[in-house]
Amino acid sequence: MSLYGLATVVVLVVLFLANAIRVLNEYERGVVFRLGRVIAAKGPGLILLIPVIDRMQKVSLRLVAADVPAQDVITRDNVSVKVNAVIYFRVVDPVKAVISVENYLYATSQLAQTTLRSVCGQAELDELLAEREKINAHLQDILDRHTDPWGIKVTVVELKHIDLPQEMQRAMARQAEAERERRAKVIHAEGEFQAANRLREAAQIIQESPMAMQLRYLQTLREIASENNSTTIFPVPIDLIRPFLSDPGTMTAKAKKESDNG
């Protein structure tokens, strides 16, 4: 064999091996078509193909995180909002992902957008804001059921942001402020109620012991005198000085009478 012929053979062998050998990573699978028919999903590792006859299409099994663009939604109570989300999914059946849908990434994204508008449009604004977990679960269930024939598993759907119109934001701010004022008034009223109960109990105790009232009166006078340097005119209850204003003769006769009775 001449040198030219040997070089030709080497080139052909190299081209054969280049077209026959494929190496797939751990997270990849290769869907092999032989004369247009699917024979298997192979990988990972070394894959041997028959040149010209076999054709392989790679599919990644890694989890995909895709943003769902903001969608204009009119809620059930006629409030216009913009809602966006993020969806996590992965391929669980490479053969279905290749032969059942032309582009599973694009198809899943489009399905997520339409489902997001549909589900959010069936909810009221308060439900949309307060029950995100419920809406996320509903979205995930719908998407998972529709993408299952494509070999796609939707694992998580999360609402990212709900953009309210300015008028609605101002109305909600006023509502929140009114709610805070209501709570403050309730707390203040409860405080006054508890204070009134305590004062009533203190008045009952003082009523049972008049001397306690006089002692409290004297204590108040002492506090006023210690805190203010100015002259304070304060009425003195007559009950406090009545014993000093009584007639000494009358008091002596009264004491003698009590002594005789005793």
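Author: A nonpolar core is a set of buried Ala, Val, Leu, Ile, Met, Phe, Trp, Tyr and Cys residues joined through side-chain atoms within 4.5 Å. Buried means under 20% relative accessible area, exposed means over 50%, and partly exposed lies in between, with a 1.4 Å probe and protein chains only. The model is predicted, so local features need pLDDT of at least 70 and side-chain atom pairs count only at pLDDT 80 or more, while totals for chains, interfaces and linings use all residues. Residues are numbered from 1 along each chain as its sequence is written, and side-chain values use heavy atoms, with hydrogens and water left out.

The largest nonpolar core has 37 residues, and those with the most contacts inside it are Val81, Val83, Ile87, Tyr104, Leu116 and Leu159. At least two residues of this core come from each of E2, strand E6 (64-74), strand E7 (80-91), helix H2 (94-99), helix H3 (104-121), helix H4 (125-130), helix H5 (132-147) and strand E8 (152-163). Helices (H or I, at least four residues) and strands (E, at least two) are DSSP runs, numbered from the N terminus. H3 gives the most to this core, with seven residues. Because domain 1 (12-60) and domain 2 (63-164) both give residues to this core, it lies between them; the domain bounds come from an automatic or database domain assignment.

A second, separate core has five residues, among them Leu24, Val32, Ile47 and Met56.

Leaving aside neighbours within four places in sequence, Ile87 is in contact (heavy atoms within 4.5 Å) with Val64, Ala65, Ala66, Val68, Thr108, Ala112, Leu143, Val154, Val156 and Val157.

Strand E2 (residues 28-34) pairs with E5 in the antiparallel sense over seven bridges. Phe33 has Arg55 in E5 as its bridge partner.

Charged side chains complete the picture. Eleven salt bridges are found in a search of the whole structure, each being a side-chain nitrogen of Lys or Arg within 4 Å of a carboxyl oxygen of Asp or Glu. In helix H6 (residues 166-208), Glu179 and Arg182 lie three residues apart, about one turn of the helix, and their side chains meet in a salt bridge (2.7 Å, N to O). Glu179 also forms a salt bridge with Arg183, the closest N and O atoms being 3.1 Å apart. Glu179 is partly exposed, with a relative accessible area of 29%, whereas Arg183 is exposed, at 53%. Elsewhere, salt bridges that share partners join Glu127, Glu131 and Lys134 into one network.

Terms used
Pairing = 2+ DSSP bridges.
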